[in-house]
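Please look over the sequence and the structure below before reading on. The briefing that follows goes through the fold topic by topic.

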Amino acid sequence: MLFEKRPHSLRRLLVVEDDPLIAFDNEHVLTEAGYEVVATVDSVARATAALETDQIDLVLADVRLSNGDNGVDVARAAQQQGVPVLFVSGHCPEAARQLAVGCLTKPYRARDLLDAIDAVEAHLKGGKKATAPKGLTLYH
């Protein structure tokens, strides 16, 4: 086991990532840490379908997706469903501030991803995490 499993209120995650290696790594790390990855998708259409059919607690979305897709569109769809979004991207546009709870800048380590989710969870509950991982910016 890579990381300690512990209970999470943001338990069911949707990963939106078009780089297969990053998607695989994220899915593996998240599963090992006790999260349920509902789906790992690489397009706005697939993300929107998952949001409409599955119970999702948090979306982890890259901003720049292949085939001209954009994670900002995923965030808009998630917002309509009341699901928070954490962008995990090398580029977080200004529009991200209105649509997401935060942004974790690529590249990041596995531990940073898990700490970012913990920070988002605390942020959504109204608490503050003492040490957010490097590269994480929380909005609102």
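**Leu-13 and its surroundings**

Leaving out neighbours within four places in sequence, Leu-13 makes contact with Leu-30, Tyr-35, Glu-36, Val-37, Val-38, Ala-39, Ile-56, Leu-58, Leu-60 and Ile-117. The model is a predicted one. Leu-13 sits in strand β1, and it counts as buried because its relative accessibility is 0%, where buried means under 20%.

**Strands and their pairing**

- Strand β1 (residues 12-16) and strand β2 (residues 36-41) run parallel and are joined by five bridges.
- Within this pair, Val-15 has Thr-40 of β2 as its bridge partner.
- Between β1 and β2 the chain passes through helix α1 (residues 20-32), and this β-α-β crossover is right-handed.
- β4 and β5 are also paired in the parallel sense, over four bridges.
- In that pairing, Phe-87 stands opposite Cys-103 of β5.
- β5 and β6, by contrast, run antiparallel and are joined by three bridges.
- Here Leu-104 stands opposite Leu-136 of β6.

**The nonpolar cores**

- The largest nonpolar core has 26 residues, and those touching the most other members are Leu-14, Val-16, Leu-51, Val-59, Val-74, Val-85 and Phe-87.
- At least two residues of this core come from each of β1, β2, α2 (44-53), β3, α3, β4 and α4.
- Helix α3 gives the most, with five residues.
- Leu-14, again leaving aside neighbours within four places in sequence, is in contact with Ala-39, Val-41, Ala-47, Ala-50, Leu-51, Ile-56, Leu-58, Val-59 and Leu-60.

**Helix α5**

- The buried residues of α5 are Asp-112, Leu-113, Leu-114, Asp-115, Ala-116, Ile-117, Asp-118, Ala-119, Val-120 and Glu-121.
- These buried residues are covered by parts that include β1, α1, β3, β4, β5 and β6 (136-138).
- Ala-110 is placed in this helix, which covers residues 110-124.
- Ala-110 and Val-29 are 81 residues apart in sequence, but their C-alpha atoms are 6.6 Å apart in space.
- Ala-110 and Leu-13 are 97 residues apart along the chain, and their C-alpha atoms are separated by 15 Å.
- Just after α5, Gly-126 has a positive phi of about 90°.

**The disulfide**

- A disulfide is a covalent bond between the sulfur atoms of two cysteines.
- How many disulfides are counted in the model? The count is one.
- This disulfide joins Cys-92 to Cys-103, with an S to S distance of 1.6 Å.
- Cys-92 lies in the loop between β4 (85-89) and α4 (96-99) and Cys-103 lies in strand β5 (residues 102-105), so the link ties together parts that are eleven residues apart in sequence.
- The link of Cys-92 and Cys-103 is right-handed, with 45° about the S-S bond.
- Are the two cysteines buried or exposed? Cys-92 counts as partly exposed because its relative accessibility is 26%, whereas Cys-103 counts as buried because its relative accessibility is 3%.

**Backbone details in the loops**

- The peptide bond from Lys-106 to Pro-107 is cis, with omega near -5°.
- Pro-107 is found in the loop between β5 and α5.
- Asn-67 has a phi near 60°, which is a positive value in a residue other than glycine.
- Asn-67 belongs to the loop between β3 (58-61) and α3 (71-81).
- Asn-67 is exposed, because its relative accessible area is 77% and exposed means over 50%.

Terms used. Residues are numbered from 1 along each chain as its sequence is written. This is a predicted model: local features need pLDDT of at least 70, side-chain atom pairs count only at pLDDT 80 or more; totals for chains, interfaces and linings use all residues. Side-chain values use heavy atoms; hydrogens and water are left out. A disulfide is a pair of cysteine sulfur atoms within 2.5 Å. Buried means under 20% relative accessible area, exposed over 50%, partly exposed in between (1.4 Å probe, protein chains only). Two strands pair if DSSP finds at least two bridges between them. A crossover is right-handed if, with the strands pointing away from the viewer, the path from the first strand over the helix to the second runs clockwise. Contact means heavy atoms within 4.5 Å. A nonpolar core is a set of buried Ala, Val, Leu, Ile, Met, Phe, Trp, Tyr and Cys residues joined through side-chain atoms within 4.5 Å.
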